[in-house]
Amino acid sequence: MSLVVERPKGQALTASALLAPATIFIAIGLLAPLAFLLRYSLNEFEPTKKMMVEAVTAANYAKFFVDPYYSAILWTTVRIAVTVTVACLVIGFPLAYVVARTQSRFKHLLIIAIVLPLFVGNSVRAAGWMVVFGNKGFVNAGLMGLCLISTPIEIMFTEKAVVIGTIAVNLSFMVLSLQAVIEGIDRSVEEAAFSLGAPPATMFRRVLWPLALPGIIAGTILCFILAMNAYATPFLLGGPLFKMMSPLIYNEFTKKTNWPFGGAIAFILMSVTLGLTVAANLILSRRSAR
């Protein structure tokens with residue numbers, strides 16, 4: 001005999017009423033602008049008059065993929081986003097584990113230290129890195145003071161500076177995502193693995209990694225999306241000659257006033273970001289299920 005429990009109609013109406021404000025807000029604040037942007041991306045652009053001409057064409061999307069200049073920018077953005085995400089995972093996992101397992105009364109200070117950088121804007125942090133990476137900045141001045149180098153190292157306006165600056169921005173999100181999940185893992189599971197003779201590497205691979213996978217997936221998705229859409233850090237640390245997708249979109253909308261092409265680039269960036277995120281999520285989920 002199967003027992004079917006039906007929810008009272010009042011509860012269903014209450015749940016719908018609670019969901020309605022958020023649904024309406026998302027529809028107005030997110031979906032409506034995206035719909036307008038999609039329509040603009042199908043228009044044509046008149047270069048001589050610098051104006052948008054109403055049409056329905058996929059020429060803007062074709063232009064992006066046909067021109068190797070724009071394809072290279074997309075590849076650079078994906079490469080930097082993957083590098084930043086992997087680096088945040090490698091650096092953030094030990095830190096998150098220490099914070100999650102510590103029993104010290106100063107644990108809240110560690111969490112505050114992780115959260116505190118989020119109170120500073122990306123532009124301010126990028127400006128701080130400019131002071132550190134400049135020809136007369138902290139790094140070059142320190143190395144030259146120690147007589148380790150004779151001429152300043154070119155760090156500013158390079159891909160390395162963009163990667164380091166983006167890691168500094170995204171690391172807190174990775175650590176917080178991992179720390180919350182690791183705290184929920186019973187420590188006795190790890191002790192049981194050690195008592196059965198498993199070395200630390202095996203315990204990590206067979207026990208800790210699978211159990212922490214929800215936090216790993218959440219952290220990597222968040223870091224990857226933020227790195228793919230980063231604007232202030234690539235713009236300030238990369239300089240005018242270093243191109244990524246977000247500064248490119250801003251340039252098309254403001255300097256060139258080419259709204260149709262800018263809209264097309266924005267949708268390509270969104271599609272690639274979502275596609276790679278879903279693919280990585282599926283791969284990690286399948287491996288964890290084995």
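How closely do the axes of helix α5 and helix α7 come, and at roughly what angle do they cross? In this predicted model, in which local features need pLDDT of at least 70, side-chain atom pairs count only at pLDDT 80 or more and totals for chains, interfaces and linings use all residues, the axes of α5 (residues 122–133) and α7 (residues 159–183) come within 10 Å and cross at roughly 135°. Residues are numbered from 1 along each chain as its sequence is written, and side-chain values use heavy atoms, with hydrogens and water left out.

Helices are DSSP runs (H or I, at least four residues) numbered from the N terminus, while axes are lines fitted to C-alpha atoms over the stretch in contact, with angles running from 0 to 180 degrees between N-to-C directions. The contact (heavy atoms within 4.5 Å) is made by N122, R125, W129 and F133 of α5 and by A161, I164, G165, A168 and V169 of α7.

The axes of α9 (residues 200–211) and α10 (residues 213–228) come within 4 Å and cross at roughly 60°, and these two helices are therefore oblique to each other. Their contact is formed by W209, P210 and L211 of α9 together with L213, P214 and I216 of α10.

The mean pLDDT (the predictor's confidence in each residue, from 0 to 100) of the protein is 89, and 94% of its residues reach 70 or more.

Technical notes:
Parallel < 35°, antiparallel > 145°, perpendicular 65-115°, else oblique.
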